Amino acid sequence: MSDLNEVLAIKIENMSFAFSSASEPTLKNINLEVKKGELIGLVGPTGSGKTTLLNIIAGVSPHYYPGNLQGKVSIFGKSSLEMSMAQISIEVGLVMQDPDSQLFNLFVRDEVIWGLENLGVPREKIAESRTAATKKFRINHLLDRITYDLSGGEKQLTAITSTFVMNPKILLFDNPTSALDPLGTQMVFESIQQLHRDDPDVTIILNDDKVQDLAVYTERMWLIDGGEIKIDAKPEDFFTNGKILANARINMPMVTQVAYELSQRGLWKGKLPLSVEQFKHNFSAT
Amino acid sequence: MEALNLQDAELIVRNMRFVYPPPKKLEAIKRVDFTIRHGEMVALIGHNGSGKTTLSKLISGYLKPTEGTIKIGGMEVAKMHPRVRPTVVGYVFQNPDQQVFKDSVLEDIMFGLLNLHTPPEAAEKKAREYMERLELTKYADLHPFRLGKGDRQRVAFAGILVMDPKILIVDEPTTGQDPEKAREIMRLLQQLNRENGITVIVVTHSMDLVAEFTKRIIVMGGGEILLDGTPKEVFSQPEILAKTYVQPPQIARLGLEMQWKDLPMTVDEAVERLTAEVQKESVR
Amino acid sequence: MRPLYQFAAGDSFIHRLDPRTKLIFALLYMIAAFIIPYPWWMFLAIILILWIGAGIKISDYLVFLLYMLPLVFTLTLIQMLIGPRPGITIFGLGIPFLSYAGWLTGVRISFRLATTGMGFVLFSMTTDPFDTGMSLYKSGLKYNIAYMFAFALRFFPLLQEELFVIMSALQARAYAAVGSSNPFTIVRGIVSSVTPLGVGALRRSQDIALAMERRGLGFPTELGTTRVIFRDIRLRFFDYFIMVLSALGLIVMILHFGWGGQAWDPGVWIKR
């Protein structure tokens, strides 16, 4: 039973959080356990506390953006309040919404190794890591490009590579595709999927509005509404909670919604489909 | 002398080509021809670099065609006086923060009218009218930067709309918004289009919303118009759309997968159709 | 659109020199332009140096030079109006109220300023700001200051792009300043853009500061890591060679001309 003894990647117990400037808590009664290597999708309306939750796991709050944190947050068994943000940064990588705010160097080749320089990694090892990471995210052809000349998708991939190269055990994505066009979005989702496949030990939480993609790419989904976790389930079970989702004004993937409506009329039996292919398959079965 | 006819502000683009001046020298628009009638609501889609933003900048007069003409209401946009152009074609930029120039919502909305030398009382009256319509009245004296993003965007809309443009171009209003906020914006555009008779051209990446809210889609790719038609027509051509990295909305892909001739554009359409199909089956 | 005197990536003799070498060369060159009585040769020479040594053509920075035109034109005009008599003669036509000596001084100042500008162009267009930052760090400057200095230069094009959008947004609001030729109106337009530009920069800078911390700007102090500089920045033979050569050149020039030597007469164009 190694599963039981294994240390959880993230453990949050009875956590609530209020920003110093706010009277109301942004998050309340959060209890979550995340095992090593999970890929979790996070959805919720604007202002529900999604970014704050990721920031707390990343140590940004309360260390950098101060506030009152109640309860306990542990990263691989260590309490995040007992670590500094710098210490947490090594374990937890955070990719943010706007790629332009995450690129500081002139050339891609300098950008991707900046974190390693700051960590004091030996030069030979830096060169090695750069080659491996840029290959993994397929940006090796961009190394000699200037960062602000890249397309949105290329910029975000560079930001992801620059975070990944520091070898974090947990990677958080906070709205990584919302500033991108469909091509850029596809590039980012595909990289995350590939990362999950190739590095099964890396734990990933992905906050994104594109529910349709999360339903297919992730293995577990959280719904936050009003600062509380309202649903925590596998994608195929997640969407059976039609009322809760409607309250949070979260749209299901369109095919899921069609099946859901049909099931309400007694015309759909069995699991809700998450993609067009699944729909067709399940529909011809009924 | 060309006369400007604002009663029928039809947009006519003829044989138009655009090359960015050196050192870029990029041929952004290869040669396009199209007409948008006064009062249409059109979506302009395509991946970044397809030419859709360049096209919208040409229509609004920020760029001048290298060849060919763009006329609105019979007059070339490039030849309009800078004080006339905003009353013909309004352009709302993507980021509302880059369009705030005054310290209160009311003043900011009046800004354009005062630049047009409208008397202050008339300008305020008009600004208040639009504030009422866009539900901004309660914020009149607040600094625009104190509002939420959705509200700031409506302030930007109002600031353009007070000048009574006949054509409204909106650049990616749904990018960076959650799906529900994005839907609200599209609903607002639809309402403006219906009630004011204003032509709306919306540049966007949200295919679900385009399918639901517009009647016509122009698809740009490689500086050319790849497709121009109703959502049903456009989304029935997934191979052509793939050239500009656009995927039909999931509901249309369901229709394509089920090999329906008439593609559904909304969840309800699909549900009704499937319900009918299942009931027919069970009768048999 | 390339912002003014922004780094032009390339691999050339000048690009490969250490930033400190280029900085010293550019400074000595500028001083020389103020010593030599015929600064136009210095101006032409640096254009050639940039062209041959770095492959950067005049067209790449012409806009920058054109921006200097109103300044040098005004300076020359003032010199001609306030300078000592006798006046000048153009095509046999005497213009007594325009000073000939003033003309000489004006032309000289103009070329000296233009050469100074070119020194700046040479340095900034061939040097990655981060190379500059890191070489300053190696010479003892604090890392955070050296890095922020470089980052500021990299941030500049972003701001310029943002300013461009804001000016367009002003135009959409029928604001006359954009595209106007009246300097007073243009200044008003820039003032109107300051708020949105500042708010945008402020919002962005908070995110940037956080992102920098996440990637370890503070690691050496917070975690006690020893920072490694991956880029290969050191003074090579040619760096020392060029530094010594330009210093010698300047010394020879000072010995020959003294501080402000005798003038060669640019009156080829305008006769006394």
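Predicted model: local features only at pLDDT ≥ 70, side-chain atom pairs only at ≥ 80, totals over all residues.

Of the contacts in chain C with a separation of 6 or more, 71% are between residues 24 or more positions apart. Chain C has 272 residues, and 32% of them count as buried.

As to secondary structure, chain C contains 10 helices and 2 strands. Along the sequence, the order is α-α-α-α-β-β-α-α-α-α-α-α.

Let me now turn to the nonpolar cores. The largest has 184 residues, of which Leu172(A), Val258(A), Leu44(B) and Val219(B) touch the most other members. Leaving aside residues up to four places away in sequence, Leu44(B) touches Lys52(B), Leu55(B), Ser56(B), Ile201(B), Val202(B), Val203(B), Ile218(B) and Met220(B). There is also a second, separate core of 39 residues, and Val107(C), Ala114(C), Leu136(C) and Ala150(C) are among its members.

Finally, I come to the contact between chains C and A. Here 32 residues of chain C are in contact with 31 residues of chain A. Which elements of chain C give two or more residues to this side? They are helix 6 (129–138), helix 7 (143–172), helix 8 (183–214) and helix 9 (219–222) of chain C. Helix 8 of chain C supplies the largest share, with 8 residues. Sorted by class, the side of chain C that touches chain A comprises 18 nonpolar, 4 polar and 10 charged residues.

Thank you for your attention.

Definitions and conventions: Residues numbered from 1 in each chain as written. Chains lettered and ligands numbered in written order. Helix = DSSP H or I, 4+ residues; strand = E, 2+ residues; numbered from the N terminus. Buried ≥ 20, exposed ≤ 12 C-beta atoms within 10 Å, placed from the backbone. Contact = placed C-beta atoms within 7 Å. Core = buried A, V, L, I, M, F, W, Y, C linked by C-beta atoms within 7 Å. Nonpolar A, V, L, I, M, F, W, Y, C, P; charged D, E, K, R; others polar.
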